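Trainee: Could you take me through one part of this model slowly and closely? I'd like to understand where it sits and what surrounds it.

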Amino acid sequence: MQTQYLPHDYQARHDPKLLALRRRLGLAGLGAYWCVVEALYEQGGALGRSELEDLAYDLRLDAAELRAVVDDFDRSEEHTSELQSHSF
């Protein structure tokens, strides 16, 4: 299997929302954020919010905490039934 890479801004940690996430949830919250980003990438840029509970289970995280990462610190402006990234 060929390794695939997820390109991202190497200064993303300076993003104000990601700084707030780290302040509130620590590096575990930041790690959860990047796991959501990876899941979005794996799913072609869209992930149903209804799938967050399964993702939380897969990551061994509390579902409410993962929803907080998405709802409180989502860097997009859209809050719909589906997480989307048009850059993937």
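Mentor: Let's start at Val70, which lies in helix α3, running over residues 63-73. Helices here are DSSP runs of H or I with at least four residues, strands are runs of E with at least two, and both are numbered from the N terminus. Keep in mind that this is a predicted model, where local features need pLDDT of at least 70, side-chain atom pairs count only at pLDDT 80 or more, and totals for chains, interfaces and linings use all residues. Residues are numbered from 1 along each chain as its sequence is written, and side-chain values use heavy atoms, without hydrogens and water.

Is Val70 buried or exposed? Val70 counts as buried because its relative accessible area is 4%; the term means under 20%, exposed means over 50%, and partly exposed is in between (1.4 Å probe, protein chains only). For contrast, look at Asp58 in helix α2, residues 52-59: Asp58 is exposed, at 54%. Across the chain of 88 residues, 33% are buried.

Now follow Val70 to Tyr33: the two are 37 residues apart in sequence, yet their C-alpha atoms are 7.4 Å apart in space. Tyr33 is among the residues with the most contacts inside the largest nonpolar core, which has 20 residues. Such a core is a set of buried Ala, Val, Leu, Ile, Met, Phe, Trp, Tyr and Cys residues joined through side-chain atoms within 4.5 Å. Helices α1 (16-42), α2 and α3 each give two or more residues to this core, and α1 gives the most, with 10.
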